[in-house]
Each structure stands twice: as structure tokens, then as C-alpha cells.
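Subject: Structure for your files

Dear colleague,

Here is the structure I said I would pass on. My notes follow below it.

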Amino acid sequence: MYYYSLNHQSPDTNFEEATVRGQAPDKGLYFPSFIPKLPAGFFESIRSLSKEEISLTVMKPYVAGSIPDAVLQQIINETIGFDFPLVQVNSDIFSLELFHGPTLAFKDVGARFMSRCLGYFNRNSNHHTTVLVATSGDTGGAVANGFLGVDAVDVIILYPTGKVSPIQELQLTTCGQNITAVEVEGTFDDCQAMVKSAFMDEELNGKYSLTSANSINVARWLPQQLYYFFAYQQWREEQPPVCCVPSGNFGNICAGMMAYASGLPVRHFIAACNSNDVVPQFLNSGNYEPKNSVATISNAMDVGSPSNFVRIMEIFEGRLSNLKKILSGATVDDDSTAATIKAVFEKYGYTLDPHGAVGYYALQQYLEQNKQDNLKGFFLETAHPVKFPGTVEIATQKKIAFPDSVQYLLQKEKKSIALKSGFSHLKEWMMSKA
Ligand SMILES: *Cc1c(COP(=O)(O)O)cnc(C)c1O
């Protein structure tokens with residue numbers, strides 16, 4: 001297994017270098033040279049395997065040569081040391097709860113896996129790597145938590161001031177040690193633009209060895225496949241499931257489609273988007289038109305130009321007609337999202353977060369439109385509702401209990417660096433502390 005750049009202007013490389021670089025020198029995303037096919041026997045016996053065994057089988061070919069098996073198993077065990085329950089909401093719809101990790105959103109798995117891989121690659125070096133990342137909320141917390149205390153890795157997280165929820169802000173700003181939070185007077189897009197400029201600035205790259213912890217990084221993207229295998233292990237229905245994935249940057253759903261390409265039985269995928277719906281529009285019209293993002297109540301999906309969609313096209317060798325057989329898109333506006341949180345709570349007593357609600361709504365619609373096929377499916381519940389109390393508590397009229405696992409945050413003190421929007425401000429600050 002090697003990795004090539006989707007821009008085809010950089011040399012091929014291995015898992016280690018792809019992880020350390022984040023992006024290829026030609027600014028392309030790395031993609032594996034082949035997608036391993038898992039034997040039928042693996043799926044037939046999946047219920048008798050532990051999630052650690054499943055994960056090693058799935059991940060091993062992708063890291064081949066870069067990490068010895070025993071170390072990889074250790075990394076995996078630390079990465080997935082919590083539950084991924086598939087919870088039935090009604091007769092046809094299940095919720096794959098991905099919020100039982102330390103920062104209460106699905107990004108914990110990718111962040112933990114990547115941090116431990118980088119830690120291993122840096123094991124004999126006194127050379128520091130700096131992870132630079134922009135967040136609209138959940139990535140920052142997961143990255144901060146995943147990298148906290150990892151040797152020889154420093155983390156700088158940019159977030160838009162006033163635009164993340166209180167618990168997200170605590171997760172970002174209270175770590176200390178090797179984690180620095182930078183509060184930017186601007187939007188998520190501004191933060192993202194500052195990070196992108198930093199990767200291209202020669203002077204800054206002379207002082208720092210920078211990498212990204214967004215889902216463009218293969219070590220963050222690929223382990224997300226595991227959710228879909230864990231769901232299948234718990235799936236007891238006759239037909240393969242319809243998988244509905246609340247999508248923003250399209251890393252998660254793209255990982256799911258890699259799992260499918262490896263042989264995982266899936267009936268259909270739905271990319272559920274909020275009003276930032278470039279991909280659903282593309283699937284309908286054939287025109288791919290990235291836009292500036294608009295703010296919604298499912299803010300982790302406010303992405304106007306999803307980075308990972310090119311990887312999905314690569315899985316299908318650029319053939320839109322093949323892709324459309326297995327993937328549909330859906331657009332869910334804020335009113336429908338809030339109404340879904342309310343209705344599902346009242347009818348089934350299940351509390352959705354705004355991202356899960358986008359997924360639930362899109363899945364319900366799809367099952368309805370294909371009634372004759374008697375399909376069932378699950379959506380990915382990508383974050384705990386307590387991360388979005390402003391929206392969820394208004395819809396359900398009920399206070400959400402703070403999980404015990406995050407109570408400790410309330411005692412901690414916020415520490416951040418405040419910067420104005422614009423790359424020059426970031427550069428000036430980074431050069432001054434280098
Ligand atoms: C990041 C995130 C998403 C979007 O995932 P992508 O991989 O960017 O498509 C959805 N929901 C939540 C809660 C998130 O944090």
C-alpha cells in the first residue's frame with residue numbers, strides 16, 4: 001500500500017509520510033493505492049469478533065510498513081476504548097451513537113488515532129511537530145484532548161470567538177500543556193483561511209514543521225471507517241442498512257464508502273446536509289459549485305466547499321452514474337431540524353443533537369420515498385445533545401443533564417490568545433513565539 005496525491009504532481013509516499021505531511025506538496029489529498037477487499041468470512045463471523053480485532057483487520061493494510069502490528073493494536077485499543085451503541089429509535093430507524101468518547105463527538109476516534117500515530121513517528125526525534133487546525137467546534141476539542149501530553153507535538157487551535165458552544169469552548173481552552181487555543185475575531189471560514197495561508201508561507205514553514213489535523217489527514221480520516229463496521233456488527237435486520245451520515249467536510253461519509261468498497265454490506269448511503277448543500281445539489285444537477293458557508297444550527301456542518309468529496313469521486317473512479325446508485329443527497333433546513341428534535345423527543349423520548357436531527361430527517365424521508373422496499377437504516381448521531389443546549393433545550397423544553405465525564409471541565413479556567421482575523425496576525429504571533 002502506498003499513497004498518491006489526487007493532484008498527481010507529487011511523489012507517492014507511505015502512511016507515515018502522508019500522516020506527517022497532512023497534505024501532499026502539490027496541495028492534493030492523499031489517497032491509498034488500493035482499497036483492501038475483506039473476505040466474506042470476515043463479515044459472516046463479525047459478531048464473534050471484538051471491536052479491537054475488527055479494527056486491526058480493517059486498519060492493518062492502510063498502515064502497512066509504517067507501524068508494527070503490536071504497536072498498531074495498542075494504538076487502536078487506546079483509540080476505541082468506549083462504546084459505539086446502535087440504539088433503536090422506532091421500528092425502522094436506529095441511531096449509531098458516536099458521542100461516548102471524551103469530547104462527546106465522533107471526531108474523538110480520528111483525533112486519538114492520529115495523535116498516537118504522530119507520537120509513534122516522533123518517538124526517537126527531538127524535532128517538534130506543530131499541529132495547526134481550525135475548528136467550528138468539535139474538531140478543536142477532539143484534537144486538544146487527543147494530543148494532550150503527546151511528546152514532541154504542539155497543537156494550535158483557531159476558533160471563531162463567540163461562535164462555539166460553552167462546553168465546546170471549555171474543551172478547547174482549558175487543556176494547557178502542549179495545547180494553545182487562539183480565539184479569532186471572525187468566522188470559521190476566516191480561521192480556515194488563516195490556517196491554509198500558514199501552510200503555504202515559506203517563512204513560517206522555515207521555523208515550524210506544520211501539519212494539519214483536519215480530515216484531509218489520512219490518519220484522521222481512515223479510522224472513521226470503523227464506525228460502520230461496529231454498526232454492522234450490531235445490525236440484526238434482514239436487509240443491509242441504509243446509512244445516513246450528517247455531512248460537512250465529507251470525511252466521515254467518505255470513510256463509510258471506503259468500508260463499503262472493502263465489502264461491507266450497505267443498501268444505500270445518504271449524505272445529509274444542512275443549507276450548505278453543494279454535494280446534494282451536485283448529485284441532482286451534475287454541477288459542482290462550492291459556495292461560501294452559511295451559518296446554521298448544525299454548525300459543525302457549515303462547510304461551503306467540502307474537502308473530502310474528491311476522495312469519494314476517486315472511489316468511484318470519477319463516474320457520477322456509479323456513485324449515484326449508492327449515494328443520495330438531502331438538504332435539511334434549520335426549521336425542519338428543530339422540528340425533528342421536538343417531534344422525535346415527544347414521540348419516542350429520544351433526544352437528538354442538531355446534526356443527528358439532520359440525519360434522522362433525511363433518513364426518514366428516504367425510507368418514506370422507498371416504502372415499497374421495506375428498508376431500515378441508521379443515522380450517525382455525531383455529537384451529544386449537551387454540546388448544543390441553546391437549540392436542543394428550546395426544542396424539547398427539557399434541561400439536558402451534563403454527563404459525569406465532562407463535569408470536571410466546569411472547574412477549569414479558560415486560557416486563550418485573542419487575534420484579529422487575517423493571516424498577518426497569525427504569522428506575527430507565531431513568529432514572535434518561535
Ligand atoms: C465534524 C462534524 C460533522 C461533519 O463531519 P464531516 O466528516 O466533516 O462530514 C457532523 N456532525 C458533527 C457533530 C461534527 O462534529
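Which residues do ring pairs link into a cluster? They are Phe 82, Phe 84, Phe 106, Tyr 227, Tyr 228, Phe 230, Tyr 260 and Phe 269. Please keep in mind that this is a predicted model.

Aromatic rings

In total, the structure holds 23 aromatic pairs. One of them is formed by Phe 42 and Phe 229: the ring centres are 6.2 Å apart and the planes stand at 65 degrees, over the 60 degrees required, so the pair counts as edge-to-face. This pair joins distant parts of the chain, since Phe 42 belongs to helix H2 (residues 40-44) and Phe 229 to helix H11 (residues 226-234), 187 residues apart. Phe 42 has a relative accessible area of 8% and is buried. Phe 229 is buried as well, at 0% relative accessibility.

Tyr 120 and Phe 121 make another edge-to-face pair, with ring centres 6.0 Å apart and planes at 65 degrees. Both of these residues are buried. Tyr 120 also has a charged residue over its face: Arg 123, at 3.9 Å from the ring centre. A further case is Arg 311, which lies over the face of Trp 221 at 4.0 Å from the ring centre.

The sheet

There is an open sheet of six strands with mixed pairing, and the strand order is S3-S4-S12-S9-S10-S11. Strand S3 (86-88) and strand S11 (327-331) are the edge strands; each has a single partner strand, so one side of each is left without a neighbour in the sheet. From one strand to the next, the twist averages 25 degrees.

Strand S4 (residues 93-97) and strand S12 (residues 377-381) run parallel and are joined by five bridges. Within this pairing, Ser 95 has Phe 379 in S12 as its bridge partner.

Helix H12 (residues 251-261) touches strand S9 (242-246), strand S10 (268-273), S11 and S12, and the direction of H12 makes about 175 degrees with that of S10. Helix H13 (residues 278-285) touches S10 and S11, and the direction of H13 makes about 125 degrees with that of S11.

Regards

Conventions:
Residues are numbered from 1 along each chain as its sequence is written. This is a predicted model: local features need pLDDT of at least 70, side-chain atom pairs count only at pLDDT 80 or more; totals for chains, interfaces and linings use all residues. Side-chain values use heavy atoms; hydrogens and water are left out. Two strands pair if DSSP finds at least two bridges between them. Helices (H or I, at least four residues) and strands (E, at least two) are DSSP runs, numbered from the N terminus. Axes are lines fitted to C-alpha atoms, for helices over the stretch in contact, and angles run from 0 to 180 degrees between N-to-C directions. Contact means heavy atoms within 4.5 Å. Rings of Phe, Tyr and Trp (its six-membered ring) pair if their centres lie within 6.5 Å; planes under 30 degrees apart count as stacked, over 60 as edge-to-face and the rest as tilted. Buried means under 20% relative accessible area, exposed over 50%, partly exposed in between (1.4 Å probe, protein chains only). A charge sits over a ring if NZ of Lys or CZ of Arg is within 6 Å of the ring centre and within 35 degrees of the ring normal.
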